[in-house]
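Have the viewer open as you read.

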Amino acid sequence: MDPILQILRLSGGYITGRPVIRDIDFAIAPGEMVGLIGLNGAGKSTTIKHILGLLRPQQGEIRVGGITVRDDAGRYRRSFAYVPESPELYEELTIREHLRLSAMAYGLEREPFELRTETLARQFDMREKLDAFPQTLSKGMRQKVMIMNAFLVEPPLYVIDEPFLGLDPLGIRSLLDLMVERKRRGASFLISSHILSTLAAYCDRYVVLKRGEIAAKGSLDDLRRIAGADPEASLDDTFYALVKGGGS
């Protein structure tokens, strides 16, 4: 089965000739959930920015659904949805208008838009906030809006960066339930988070970054073998064994 996301020997960063990440190489299959983990400054955000098309690779390439952003930028970007670590909303638009804007960008018709909006608003306890403006919402509610926008359009790939920050217990459970449900239907996920216990419960494989390079990748058993860790070691302990002895 062809991967939905394929990163091939990617090197890149913010200044030409001074890559922050080097030789990043991994793929995500349809219906697979992969955790991207590393210390602060390890290159997680830089990798994600390259996937989003915000940074141009200095070497290598990224394919989503078999195409690069240069092949067809519109089709490339409609193949995934992104949930950022910090919510970014338009203060002059209501929550419903944010959702409608996402629907228009992804070509979602009116009937499924209305049905999905109602379903997501109920799941995240946001029905009474749909016609509110962002400045009236808490940070956790604003993060729920970002999640609702991503899950509204039902793309084949979700790129999610520290999604649990600021969420209340209902929001966390609703997000995890949605991820499981969409994964069951064939969607793929790349998730960056420092909450390793949650990743361990949901991810199929992991990519561990250290100082801009891949320190290990594969299943938890694969990581344990690479780290020389105990066969029953937790993801937290295995991760520590992989990254100890050097900075980020």
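## Aromatic pairs

Let's begin with the rings: F151, Y158 and F189 are linked into a cluster by ring pairs. A pair here takes rings of Phe, Tyr and Trp (its six-membered ring) with centres within 6.5 Å; planes under 30 degrees apart are stacked, over 60 edge-to-face, and the rest tilted. By that rule there are four aromatic pairs. In the pair of Y76 and F80, the ring centres are 5.7 Å apart and the planes sit at 85°, so the pair is edge-to-face. Both Y76 and F80 are buried, where buried means under 20% relative accessible area, exposed means over 50%, and partly exposed is in between (1.4 Å probe, protein chains only).

Some ground rules: this is a predicted model, where local features need pLDDT of at least 70 and side-chain atom pairs count only at pLDDT 80 or more, while totals for chains, interfaces and linings use all residues. Residues are numbered from 1 along each chain as its sequence is written, and side-chain values use heavy atoms, with hydrogens and water left out.

Helices (H or I, at least four residues) and strands (E, at least two) are DSSP runs, numbered from the N terminus. Two strands count as paired if DSSP finds at least two bridges between them.

Strand β1 (residues 5–12) and β4 run antiparallel and are joined by five bridges. Which residue in β4 is the bridge partner of L8? That's E61. Axes are lines fitted to C-alpha atoms (for helices, over the stretch in contact), and angles run from 0 to 180 degrees between N-to-C directions; contact means heavy atoms within 4.5 Å.

## The six-stranded sheet

There's also an open sheet of six strands, ordered β5-β6-β7-β3-β8-β9, with mixed pairing. β5 (80–83) and β9 take the edges with a single partner strand each, so one side of each is left without a neighbour in the sheet. The twist from one strand to the next averages 15°. Strands β6 (residues 157–161) and β7 (residues 188–192) run parallel, joined by five bridges, and V159 stands opposite L190 in β7.

Helix α6 (residues 169–184) lies across β3, β6 and β7, at about 145° to β7. α1 lies across β3 (33–38), β5, β6, β7 and β8, running at about 135° to β3.

How many of the nine residues of α1 are buried? Seven of them are, so the helix is largely enclosed by the rest of the structure. The buried residues of α1 are K44, T46, T47, I48, H50, I51 and L52. Just after α1, G53 has a positive phi of about 85°.

## The α8–α9 pair

Helix α8 (residues 220–227) packs with helix α9 (residues 235–243) at an angle of about 40°, the axes being 9 Å apart. α8 and α9 are therefore oblique to each other; angles under 35 degrees would be roughly parallel, over 145 roughly antiparallel, 65 to 115 roughly perpendicular, and the rest are oblique. On the α8 side, the contact is made by L220, L223, R224, I226 and A227, and on the α9 side by L235, T238, A241 and L242.

Most residues other than glycine have a negative phi. D23, a residue other than glycine, has a positive phi near 55°. D23 sits in strand β2 and, at 38% relative accessibility, counts as partly exposed.

R211 isn't a glycine either, yet has a positive phi of about 50°. R211 lies in the loop between β8 (205–210) and β9 (213–218), and its 45% relative accessibility makes it partly exposed. K210, in strand β8, counts as buried at 16% relative accessibility. The C-alpha atoms of K210 and K244 are separated by 9.7 Å, with the two residues 34 residues apart along the chain.
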